[in-house]
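Welcome, and thanks for taking a look at this one with us. Please have the sequence and the model side by side as you read.

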Amino acid sequence: MKYRRQGAVMITHATLKQEWKASRLRILYTSAVIAMVLLGAVLVNFIAYQTRSDHLSLFGMILYFIGFCCAGIIPLYALIRGSGNMQPILFGDTGWLALLVPERSYAQLGARQLVNLAEYVIYMLPALLYLSFMAPTAGLLFHGAFSEYMPFPVNPGMSYVESIKQLYRFAFAEHFLELVQFGVMGVISFASWQAMFNFAMALYAAFIRTKKPNKFLIAVIIFFLFYFPMRIGTLGFDADVSDMVRNSSVYAAVLRYSWNHTLRYAIFDAVYFLATGWLMEHKIEV
């Protein structure tokens with residue numbers, strides 16, 4: 001393994017380039033599918049808003065729900081299918097070639113996860129943009145019964161463009177700092193999940209040497225890797241949530257609560273990342 005420790009920085013640049021080149025077609029095709037599905041939903045919602053059709057609005061809300069489900073599936077898809085997933089290297093027929101590359105496992109692992117993180121952002125940002133274009137129809141449909149729960153007042157007489165402007169004003173002008181913080185937390189959380197998934201597979205490959213991985217056993221390992229920091233993350237904090245809501249705004253309370261969990265998971269998953277690299281160098285045989 002000594003040869004692998006030389007020239008890590010230089011080879012990492014090459015690894016980044018190679019991983020991006022290997023991933024760009026998948027990213028392009030996946031982005032195209034996301035765009036076709038969600039832009040089709042946007043078109044239906046736009047027509048529903050313009051025509052004020054109840055039936056079309058209901059159909060648009062069904063598509064809106066499907067769009068949110070798609071946005072929720074994106075992180076899981078990026079984890080499983082993205083370049084940051086180490087399963088092909090640890091269990092694939094040609095994975096041993098990657099383990100023989102003259103580069104430290106930390107550098108190789110970090111390069112792959114950086115490309116996968118970029119892939120996640122490339123999918124998620126347009127998806128959220130498409131979903132925002134469906135919001136006017138949701139406001140039109142629910143402004144009567146659920147108006148008290150909406151973050152800003154909805155006027156059914158507004159045009160579609162005016163409604164979009166109001167939404168963007170609320171998000172980017174009135175709550176821009178909160179929006180940025182939630183975005184940063186989303187990126188950190190994805191990187192944390194990525195490190196946790198890879199550590200679970202590295203643990204399995206290092207100590208349970210089978211040709212094909214047992215997916216159920218890996219899922220159990222992932223559960224405990226997730227559960228332990230979750231329990232640590234709630235110690236001495238959850239009891240204060242109600243006090244935070246009473247003593248500050250809801251947004252401030254949610255941000256504080258979210259940052260607490262995100263940072264605690266990030267600390268644990270930095271350890272998972274380092275442990276994965278160590279296992280790849282010292283415990284996983286090629």
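## Cysteines

The sulfur of Cys-69 lies 7.1 Å from the closest cysteine sulfur, that of Cys-70, which is too far for a bond. A disulfide here is a pair of cysteine sulfur atoms within 2.5 Å, and by this rule the count is zero. Cys-69 is partly exposed, at a relative accessible area of 35%, and Cys-70 is also partly exposed, at 30%. For these labels, buried means under 20% relative accessible area, exposed means over 50%, and partly exposed is in between (1.4 Å probe, protein chains only).

## About the model

This is a predicted model, in which local features need pLDDT of at least 70 and side-chain atom pairs count only at pLDDT 80 or more, while totals for chains, interfaces and linings use all residues. Residues are numbered from 1 along each chain as its sequence is written, and side-chain values use heavy atoms, with hydrogens and water left out.

## Aromatic pairs

Let's turn to the rings. The whole structure holds 10 aromatic pairs, where rings of Phe, Tyr and Trp (its six-membered ring) pair if their centres lie within 6.5 Å, and planes under 30 degrees apart count as stacked, over 60 as edge-to-face and the rest as tilted. One of them is the stacked pair of Tyr-120 and Phe-190, with ring centres 4.3 Å apart and planes at 0°. Tyr-120 sits in helix 5 (residues 105-132) and Phe-190 in helix 8, so this pair ties together parts that are 70 residues apart in sequence. Helices are DSSP runs (H or I, at least four residues), numbered from the N terminus. Tyr-120 is buried at 9% relative accessibility, and Phe-190 is buried at 0%.

Phe-223 and Tyr-227 are stacked too, with centres 5.6 Å apart and planes at 20°. They are four residues apart in helix 9 (residues 215-234), about one helical turn. Phe-223 is partly exposed at 46%, as is Tyr-227 at 35%.

## Helix 8 and its contacts

Helix 7 (residues 160-174) packs against helix 8 at an angle of about 80°, with the axes 5 Å apart. That makes the two helices roughly perpendicular, a label for angles of 65 to 115 degrees. Ala-171, Phe-172, Ala-173 and Glu-174 of helix 7 meet Phe-176, Glu-178 and Leu-179 of helix 8, where contact means heavy atoms within 4.5 Å.

Further along helix 8 (residues 176-207) is Phe-197, partly exposed at 24%. Phe-197 touches Leu-79 and Ile-222, leaving aside residues up to four places away in sequence.

Note on methods. Axes are lines fitted to C-alpha atoms, for helices over the stretch in contact, and angles run from 0 to 180 degrees between N-to-C directions. Angles under 35 degrees count as roughly parallel, over 145 as roughly antiparallel, 65 to 115 as roughly perpendicular and the rest as oblique.
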